[in-house]
Amino acid sequence: MSRAQNHSILIVEDEPSIASFVAMYLKRAGFAVRVAVTGEDAIEQAAAEAPSLIVLDLMLPDLDGIDVCRRVRQRSDVPMLMLTARDDDIDKIIGLEVGADDYLTKPFNPGELVARVKSILRRASPERRELESAYLEHGDLSIDAGRREVTVGDEEIQLAPKEFDLLWELLDHQGLVLNRDQLLERVWGYTFAGDTRTVDVHVRQLRRKLGNASPIVTVWGVGYKVSAEPKVARAS
Ligand code: CA
């Protein structure tokens with residue numbers, strides 16, 4: 001029996017052809033599937049059914065998918081995979097504090113959708129979180145993997161899930177240069193040919209949120225690394 005059978009997926013999509021297509025592939029992979037066709041319905045089902053993961057279309061008849069994502073997030077840590085028809089939504093989805101775990105641009109390959117759903121669920125599993133009860137520091141920056149908390153000095157910084165994972169991966173390999181493909185594989189669990197923009201967008205957001213405390217250095221033509229510990233006396 002595959003582990004997928006323990007997981008239920010909520011598909012939020014108003015377009016019947018896409019919803020049934022996605023549902024078919026997920027069922028075939030062993031998942032239990034429910035469908036919501038409006039944003040309000042999605043928020044209700046997310047609360048009532050506690051799905052393992054939500055596949056959420058950005059364009060819905062009543063609410064914007066981003067608002068749905070935010071409202072679900074107020075009450076739940078359920079992983080979310082966003083679907084978008086527009087390339088320019090990507091910064092919004094993964095960059096802002098929306099908290100989506102991943103996205104796919106329409107039209108997408110359903111096999112890839114299933115692979116990403118599995119990858120997100122694997123990474124969201126409690127066993128993995130327990131393993132990560134560790135703590136890293138860099139200058140004024142502290143990250144607590146167990147609590148998933150990032151602070152600069154006394155201030156807590158809110159990071160999207162993948163921003164957190166990317167920062168952790170870089171800090172955990174301090175001094176080593178990781179290329180974009182390696183980061184995609186380690187943080188997102190797969191590589192998708194040529195789409196390294198995801199990594200760059202997340203790095204840009206991390207720099208914006210962390211300001212001077214950002215330890216990330218661009219290594220031109222290669223990737224990113226974490227700088228050596230800054231030799232600055234800490235004001236007390
Ligand atoms: Ca739609």
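Helices (H or I, at least four residues) and strands (E, at least two) are DSSP runs, numbered from the N terminus. The model on display is predicted: local features need pLDDT of at least 70, side-chain atom pairs count only at pLDDT 80 or more, and totals for chains, interfaces and linings use all residues. Residues are numbered from 1 along each chain as its sequence is written, and side-chain values use heavy atoms, with hydrogens and water left out.

**Helix α1**

Begin by selecting Arg-28, a residue of helix α1. Is Arg-28 buried or exposed? Its relative accessibility is 60%, so Arg-28 counts as exposed; exposed means over 50% relative accessible area, buried under 20%, and partly exposed in between (1.4 Å probe, protein chains only). Arg-28 and Val-114 are 86 residues apart along the chain, and their C-alpha atoms are separated by 9.7 Å.

**The calcium ion**

Now select the calcium ion. Which protein donors does the calcium ion have? They are Glu-13 (OE), Asp-14 (OD), Asp-57 (OD) and Met-59 (O), at 2.1 to 2.7 Å from the ion. Donors are N, O and S atoms within 2.8 Å of the metal (3.2 Å for Na, K and Ca); water is not among the atoms, so sites may look incomplete. Glu-13 belongs to the loop between β1 (8–12) and α1 (16–28), while Asp-57 belongs to strand β3 (residues 53–57), so the pair ties together parts that are 44 residues apart in sequence. Glu-13 and Asp-57 are both buried.

**The nonpolar cores**

Proceed to Leu-141, Val-150, Leu-167, Leu-170 and Leu-210, the residues with the most contacts inside the largest nonpolar core, which has 26 residues. Such a core is a set of buried Ala, Val, Leu, Ile, Met, Phe, Trp, Tyr and Cys residues joined through side-chain atoms within 4.5 Å. At least two residues of this core come from each of β7 (141–144), β8 (149–152), α7 (161–172), α8 (180–188), α9 (197–210) and β12 (223–226). Helix α7 gives the most, with 6 residues.

Centre the view on Leu-141. Leaving aside residues up to four places away in sequence, Leu-141 touches several residues, among them Leu-136, Val-152, Leu-171 and Pro-215; contact means heavy atoms within 4.5 Å. Then select Ala-36, Ile-43, Leu-56 and Leu-63, which are included in a second, separate core of 20 residues.

**The whole protein**

Finally, display the entire protein, which has 9 helices and 12 strands. Buried residues make up 50% of its 236 residues.
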